[in-house]
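Subject: A structure for you to look at

Hello,

Here is the structure I promised to pass on. Please open it alongside this note, and then read on for what turned up in it.

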Amino acid sequence: MECQKCHKRQATLHFSQVINGNKTEVHVCEVCAKEKGYMSYPEEAYSLHNLLSGLFNFDSSSIDSPKGSSHKQAEDLQCPQCEMTFSEFKRVGKFGCAECYRTFSERLDPILRRVHSGNTKHHGKIPTRKGGDLHLKKEIESHKAELHHLIENEAFEDAAKVRDEIKELEKQMRGDKT
């Protein structure tokens, strides 16, 4: 099909417009579509690479020392296994091997913290129907951590309440199994 605008090239884009209930079809080539504003140039688009590059460079000032030597050392950091440098990783956006995660870990933590809204640990999810005892175990674990913290701070009355809650949860767990 021929382009409806220039009548020179093959139409590669086909648009349907509905305006006030009237449907019109437009068949245009890529050049005419860009000229008419039907599509943007790829170089104007914000690519995934641009997004990752922005994240990787988001806080380079925080690692700079007054002399700037710390930043240079971080850029020259190289993976011992695949020999990929950190600056190469930033440019490509992918690791060369599994060892890169360990090698660049100090530089990745701030990036991952920003991407994941401050969360750097994955705790996972437990399905509601299948997780019966697991939910109780997790709750008991968190109460025990709280109990330990309260004892360290010598808040013994609060610690006694938490201890009683732990005992009640453990009783529930034993009751579910019998």
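Which helix supplies the largest share of the negative patch? That is H8, with three residues.

Before the details, a word on the source: this is a predicted model, in which local features need pLDDT of at least 70 and side-chain atom pairs count only at pLDDT 80 or more, while totals for chains, interfaces and linings use all residues. Residues are numbered from 1 along each chain as its sequence is written, and side-chain values use heavy atoms, with hydrogens and water left out.

**Overall layout**

The protein has eight helices and two strands (DSSP runs numbered from the N terminus, with at least four residues of H or I for a helix and at least two of E for a strand). Along the sequence they follow the order β-β-α-α-α-α-α-α-α-α. Of its 178 residues, 21% are buried (under 20% relative accessible area; exposed is over 50%, and partly exposed lies in between, with a 1.4 Å probe and protein chains only).

**The negative patch**

Glu139, Glu146, Glu157, Asp158 and Glu165 make up a negative surface patch (residues with over 30% relative accessible area and no salt bridge, like charges being joined within 9 Å; Asp and Glu count as negative). Helices H7 (132-152) and H8 (156-177) each give at least two residues to this patch. Glu139 lies in H7 and is partly exposed, at 36% relative accessibility. Glu146 is also placed in H7, and counts as partly exposed at 37%. Although Glu139 and Glu165 are 26 residues apart in sequence, their C-alpha atoms are 9.9 Å apart in space.

**Salt bridges**

You will find four salt bridges in the structure (a side-chain nitrogen of Lys or Arg within 4 Å of a carboxyl oxygen of Asp or Glu). Among them is Glu99 with Arg102, whose closest N and O atoms are 2.6 Å apart. Both residues lie in helix H5 (residues 99-103), three residues apart, or about one turn of the helix. Arg102 is exposed at 57%, whereas Glu99 is partly exposed at 21%. Another pairs Lys23 with Glu25, at 4.0 Å between the closest N and O atoms.

**A histidine pair**

Finally, have a look at His27 in strand E2 (residues 22-28). His27 counts as buried because its relative accessible area is 12%. Its side chain makes a polar contact with the side chain of His14, at 2.6 Å (a pair of N or O atoms within 3.5 Å, where one must be able to donate a hydrogen and the other to accept it).

Best wishes

Conventions:
Patch = residues over 30% accessible without salt bridge, like charges linked within 9 Å, V, L, I, M, F, W, Y side chains within 5 Å. Areas by Shrake-Rupley, 256 points an atom, 1.4 Å probe, with all protein chains shown as cover. Charge placed at Lys NZ, Arg CZ, Asp CG, Glu CD.
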